[in-house]
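Here is a set of questions and answers to work through slowly, with the sequence and the structure open beside the text. Try each question on your own before reading on.

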Amino acid sequence: MRYAQPNTEGAKVNYQSRYDNFIGGEFVKPARGEYFQNITPVTGRPFCEVARSTHEDVERALDAAHGAKGRWGKTAPAERARILNKIADVMEQNIELLAVSESWDNGKPVRETLAADLPLAIDHFRYFAGCLRAEEGSLAELDEHTVAYHLKEPLGVVAQIIPWNFPLLMAAWKLAPALAAGNCVVLKPAEQTPATILLWAQLVGNLLPPGVLNIVNGFGIEAGKPLAQSSRIAKVAFTGETTTGRLIMQYASDNLIPVTLELGGKSPNIFFADVLDKDDDFRQKALEGFAMFALNQGEVCTCPSRALIDRKIYGAFLDMAVTRTRQTSPGNPLDTDTRLGAQASNDQLEKILSYIDIGKKEGAKLLAGGERVRLGGDLDGGYYVAPTIFEGHNKMRIFQEEIFGPVVSVTGFEGFDQAIEIANDSLYGLGAGVWTRDMHQAFRAGRALEAGRVWTNCYHLYPAHAAFGGYKKSGIGRETHRMMLDHYQQTKNLLVSYDPKPMGFF
Amino acid sequence: MSPPPVAATPAALEWVRRLSARHGPLMFHQSGGCCDGSSPMCYPLGEFRVGPRDVLLGEIEGSPYYIDADQFERWKHTRLTLDVVPGRGAGFSLEAPEGVRFLIRSDLCEIP
C-alpha cells in the first residue's frame, strides 16, 4: 500500500505550518521570532517551518529544566517507570502517524519505520522503565560497624544532540535512559529532521512534568553550540562526526563535565568461505547480510560499508551479491513495498556523489549503481541514489571513510589473519559483521575485531539490552543497554559508622 | 611543482569571504565519521582548539585548513577542493544557517 503524502486527502499526518520549541511543558515561540524551512527529501520541497532558536531559547529551556530537576530526580522509580511505559503506549497507539512522519521528514522507507524505527523506539522506553525498576545501589560491610552505601543519583540537567539518520529512534536511545535515571533534558534535534520529534512531543510531552523534557530546535552553530557550551548542563550526549565530537569534548572540558559520543565507523562485514558450503537458508541470510549496506539508504553509523570476502569464494559470492543488490532500486518512501528511500538531504546526496567520484578516480571498479536516480513526477526533486557496489582495496578512501550512502566497497582476503588485519585497518571501530558456519571461527573473529559490536551471522539488529558503542575514534559510552543508566547517574557513597565508641585517634 | 593539498572553487571562495565578513577570521577542520563526517567544518578562528596531532593542510583565503594526523595518513594521496552546495548540514559549521554546506571534492595527487 501507499500512504498518502502528509497534508493531502486521507493522510495519516497533517503538519502545522509552523512548529515552536517545547519548553516547560508547552510550545513556546523562539525568542527572536525566526523560523527555518523544513524540507522533505522525498520531494525536495519544504513542508513546515521550525523554530530557529538561539542562546536565549537555550537559556529558557535550561531554566525550565533546572526548575523541574529537584522534583523529577526524587520522583519514585515506580512513577518514573510508569510514565515511560505510558509514553511507549501512546507511541504505539500512534505508530502509523509517527512512522509516516519519520519517512516524510527523513526520506527513509515507511516499511522500515513501521518495522524498525518505531517498534525499537517504543521498546526502548519500556526497556529503560524495566531497568529502572530493577536498578539497585549496593552496600559493602567494611567491618563490623562500618557500612558503605552506594546510591545512584541523577546528574541533573543534561544536553542531548540528536542526529538526522534515525531522528526519533536516536532521540529515544538518549531520552529513555536519561529520563529513567531522573534527569531533566534539553534536547536539540537535527536541523534536517526535527518534525517527528515535535509531533511526538505533542503526543507525549505532557505525560512528563513540565520542564523534564525540553526541545530546542535550530542550527548547530546557533542553538547546539550554546547548549553544549553551557555551564548549566551536567553532561552532553552527541551522535555525529569526529570534528564536532572533538569540539563538544572541548566545550565539556571547559566545564569539566562528562560526554558520551557516538561518532560513526566504517564497519567491515566479513564473509568466510563456508557461507557458500550449502545452498540453503544460511547462504541467503549471508547474502541478505551483504545487501544490508543499503538499509536506511546507508545512513547508518554501522553501515556494513566494507565487505571482505574470502578469496576462495570471492567471484561466486560477489556475483550472487551483485545480482541481489540489483534487485533493489529506490522508490517512493511512502510505499510499503519500497526498500530504499531518499537520502536525508541535498548536501548528503552531493557528498555521496562526491565519494562515488573519488572511488572511480582511485580506480575502484563500479559493479552496480553509481548514480543519482530520478524518480520522475512528484518525486523528481527527491534525493535518490542507486545501491552502489565498488570493488577495490582497503587503502582507497571509499574503504576508509563512512560515505553514509547506499555504497559498499568490496575486497577479498586470504585466510583468517588477513581478514582481521584488513577489518581492523580503520580509524573507527563501531560495528562489524562476521558470517561463517564455524562457530569457533566466529568467536575468534569476534574477539579479534576492534569494534564495539560484532554482529555474528546477523547484521543491523538494534535490540535494547545489547550494548552499542565504539572502539577507537568511534566514540565513548555504550547505549541501548542498562549500562547507559550509569552514564546518566552519579554514585553517592554514604560511609556510615554504627560504632558508638570514639576512634581514639585524637 | 605539485598543486596545494587544499584548494577551493570560486563559489566556495565567495562563501568564505562572505562568512569572514560576518564572523571575522575563519578556520576549517576536516571531519570524519558518520552523519556529516567527511565534511569540512568551518569555525571562527580559534573556536576549535587544534591539537598537536592536527596537520595544517593549507589555507583558503587565509583561513587555515586542518585535518587529524591519522586521517591525513589515509587521505594524503588525494588533493582536496573545497566546494559548496545547497543544503543544511549538521554540526556547528558556520555556513549551515545560510542554506549552503561546504563539501570536499577530491582528486588523486600525481605520483612524482
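Q: Is B:His29 buried or exposed?
A: In this predicted model, B:His29 is found in strand E2 of chain B, which covers residues 26-30. A residue counts as buried when its relative accessible area is under 20%. Because the relative accessible area of B:His29 is 1%, the residue is classed as buried.

Q: With which side chain does the side chain of B:His29 make a polar contact?
A: Leaving aside neighbours within four places in sequence, the residues in contact with B:His29 include B:Ser39, B:Phe48, B:Asp54 and B:Tyr66, and also A:Thr243 and A:Arg246 from chain A. At a distance of 3.5 Å, the polar contact made by the side chain of B:His29 is with the side chain of A:Arg246.

Q: Which residue of chain A forms a salt bridge with B:Asp54?
A: B:Asp54 is among the residues in contact with B:His29. The count of salt bridges between chain B and chain A is 8. In the one formed by B:Asp54, the closest N and O atoms are 2.7 Å apart, and the partner is A:Arg246.

Q: How much area do chain B and chain A bury between them?
A: The contact between the chains involves 45 residues of chain B and 55 residues of chain A. Of the area that chain B buries against chain A, 21% is supplied by B:Arg74, B:Arg88 and B:Phe92, which is more than any other three residues supply. For the two chains together, with 54% of the area on carbon and sulfur atoms, the buried area is about 4100 Å².

Q: Which strand gives the most to the side of chain B that touches chain A?
A: Across the interface of chain B and chain A, 33 residue pairs are found in polar contact. Several elements of chain B each supply at least two residues of the side that touches chain A, including strand E3 (40-44), helix H2 (69-75) and strand E6 (78-86). The element that gives the most, with 7 residues, is E7(B).

Q: Is B:Thr78 buried or exposed?
A: B:Thr78 has its place in strand E6 of chain B, and, not counting residues up to four places away in sequence, B:Thr78 touches A:Ile358 and A:Arg397 as well as B:Ser106, B:Asp107, B:Leu108 and B:Cys109. A polar atom of the side chain of B:Thr78 also lies 2.7 Å from the backbone oxygen of B:Trp75. Because its relative accessible area is 4%, B:Thr78 is classed as buried.

Q: Which residue takes a positive phi in the hairpin of E4(B) and E5(B)?
A: Strand E4 (residues 54-60) and strand E5 (residues 63-68) of chain B run antiparallel and are joined by 6 bridges, and within this pairing B:Gly58 stands opposite B:Tyr65. The hairpin has 2 residues between the strands, and the residue with a positive phi, near 50 degrees, is B:Glu61.

Q: Which residue of E25(A) is the bridge partner of A:His150?
A: In chain A, an open sheet of 3 strands has the order E6-E7-E25, with antiparallel pairing, and its edge strands are E6 (138-143) and E25 (489-497), each of which pairs on one side only. Strand E7 (residues 146-154) is joined to E25(A) by 9 bridges. In E25(A), the bridge partner of A:His150 is A:Asn493.

Key
Residues are numbered from 1 along each chain as its sequence is written. Chains are lettered from A and ligands numbered from 1 in the order in which they are written. This is a predicted model: local features need pLDDT of at least 70, side-chain atom pairs count only at pLDDT 80 or more; totals for chains, interfaces and linings use all residues. Side-chain values use heavy atoms; hydrogens and water are left out. Helices (H or I, at least four residues) and strands (E, at least two) are DSSP runs, numbered from the N terminus. Buried means under 20% relative accessible area, exposed over 50%, partly exposed in between (1.4 Å probe, protein chains only). A polar contact is a pair of N or O atoms within 3.5 Å; within protein, one must be able to donate a hydrogen and the other to accept it, and residues adjacent in sequence count only if both atoms are side-chain atoms. Contact means heavy atoms within 4.5 Å. Two strands pair if DSSP finds at least two bridges between them. Buried area is the accessible area (1.4 Å probe) that two parts lose on being put together, summed over both. A salt bridge is a side-chain nitrogen of Lys or Arg within 4 Å of a carboxyl oxygen of Asp or Glu.
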